[in-house]
Amino acid sequence: MSVSNSLKIGIVGAGIGGLTTAIALQQRGMQVVIYEQAEKLAEVGAGLTISKNAARVFEALGLGEQLAALDSPCANMGVIDHLSGDILVYEPRDQKETLSSNVIASRQVHRADLHKLLAASLIDADSCLNLDHRLQDISQGTSQVKLSFANGQVDHCDIVIGADGLKSAVRERLYSSEPANFTGFVAWRGLVDRTLVKDIALDPQFATYSSNDKLFVRYPVRNGDLINYVAIARKDDFLSESWAEPADVSEVAAQFSEWHQNVSDIILATPSDKCMRWALFTRAPLNNWINGRVCLLGDAAHPTTPFFGMGAAMAIEDSLILARCFEAENDNWQSALERYQRARMARTNHIQQISLERAESYMHNDPAKRAMGPSSGLGNAMDYDPRTAVI
Ligand SMILES: Cc1cc2nc3c(=O)[nH]c(=O)nc-3n(C[C@H](O)[C@H](O)[C@H](O)COP(=O)(O)OP(=O)(O)OC[C@H]3O[C@@H](n4cnc5c(N)ncnc54)[C@H](O)[C@@H]3O)c2cc1C
């Protein structure tokens with residue numbers, strides 16, 4: 001069903017959440033303008049798990065097969081002892097899901113490939129996407145929202161969706177939000193050419209290793225040509241001003257030097273320009289994502305730590321639910337935004353919370369307690385279907 005296109009909807013941020021929202025709204029006939037601070041559309045070089053719940057959104061947008069084509073199927077998942085290299089847990093995955101492109105399943109993709117797919121799926125990207133537009137200020141009157149950008153441009157929209165991530169300028173300007181809190185964890189991400197570590201057996205293909213203060217997760221991307229890893233360590237403090245920045249491979253290697261050789265070999269094979277460090281931050285949940293004609297989405301609304309690999313999935317789910325709410329309410333934007341918030345807040349708060357708790361389970365003092373399969377503790381979180389969820 002098409003929605004009236006009389007409203008101009010501005011989206012701040014062309015990350016995974018912003019682009020998915022734009023596509024979902026455009027497909028319903030809505031008028032969308034996106035403002036992105038970057039001069040070029042790009043995503044970081046890293047892997048990303050798109051869990052089944054989020055994969056359903058791609059299906060709804062007609063992009064299911066294209067998402068499956070980006071996947072590097074992992075037939076098995078497991079837990080490996082960080083010192084001996086022994087397999088502690090081995091979980092074969094549903095083969096039909098893993099190997100079929102016409103079945104909805106969790107997928108492991110390269111973030112940049114996914115981002116490219118989303119950008120290519122925008123309708124008339126040339127006119128709706130404004131790059132080099134870093135939001136500097138946002139204010140609203142009774143009939144419009146005024147957006148001012150660092151490049152000197154000013155624009156006006158009827159509604160604005162803040163999809164500008166963890167450090168959201170929209171959130172900072174319009175919401176009384178506490179500063180983000182450092183979680184006590186630092187993450188490094190790297191991509192390694194499989195041929196450089198060809199002697200390492202990658203079975204299980206999706207593997208986690210952990211001690212009481214560190215975690216290492218690896219899985220293949222780009223058809224197995226690259227190994228993606230996330231390495232996480234507890235840190236008492238984090239001195240850098242930046243939340244995401246290039247890192248030295250030697251810094252990660254030093255953290256994991258006592259671990260099984262396979263882990264060190266993968267880390268040491270990281271090209272020097274393909275290693276990034278993230279300080280992991282979180283925020284207490286907001287009790288209102290709506291301020292007048294402005295609403296938050298994705299990490300801007302509910303930044304989620306990576307311990308369940310579900311932050312992007314939440315942003316993707318938000319996108320379809322928001323579009324469904326606009327469709328259900330047609331031009332009544334207040335009701336649409338309220339309906340979206342009602343439909344989403346409890347779920348995103350829950351995933352935010354269990355993701356933080358998961359960090360402690362992964363890095364439990366008791367080795368038996370931390371030897372759990374990658375999906376344990378998730379409960380039925382992946383059963384959520386944003387296409388049919390009650391709104
Ligand atoms: C180590 C790590 C691993 C992760 N792994 C997974 C995983 O496997 N699966 C998963 O689902 N999630 C994962 N996540 C979480 C996921 O990356 C985020 O939840 C997701 O990227 C949020 O998407 P978003 O679109 O809301 O925000 P972002 O991806 O942060 O996008 C925000 C966009 O807004 C732009 N922007 C910011 N400020 C401005 C401004 N002032 N003006 C204009 N534009 C602006 C940015 O340039 C960016 O393009 C992981 C996170 C980390 C740190």
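Strands here are DSSP runs of E with at least two residues, helices are DSSP runs of H or I with at least four, and both are numbered from the N terminus. The model is predicted, so local features need pLDDT of at least 70 and side-chain atom pairs count only at pLDDT 80 or more, while totals for chains, interfaces and linings use all residues. Residues are numbered from 1 along each chain as its sequence is written, and side-chain values use heavy atoms, with hydrogens and water left out.

Arg222 has a positive phi of about 50° although it is not a glycine, and its relative accessible area of 36% makes it partly exposed (buried is under 20%, exposed over 50%, partly exposed in between, with a 1.4 Å probe and protein chains only). Asn223 sits in the loop between β14 and β15 as well; its phi, near 60°, is also positive, and with a relative accessible area of 64% Asn223 is exposed. Most residues other than glycine have a negative phi, and most peptide bonds are trans.

Finally, select helix α10 (residues 311-329) together with helix α11 (residues 333-362), whose axes lie 8 Å apart at an angle of about 155°. Axes are lines fitted to C-alpha atoms, for helices over the stretch in contact, and angles run from 0 to 180 degrees between N-to-C directions. The two helices, α10 and α11, are therefore roughly antiparallel (an angle over 145 degrees).

Key: Parallel < 35°, antiparallel > 145°, perpendicular 65-115°, else oblique.
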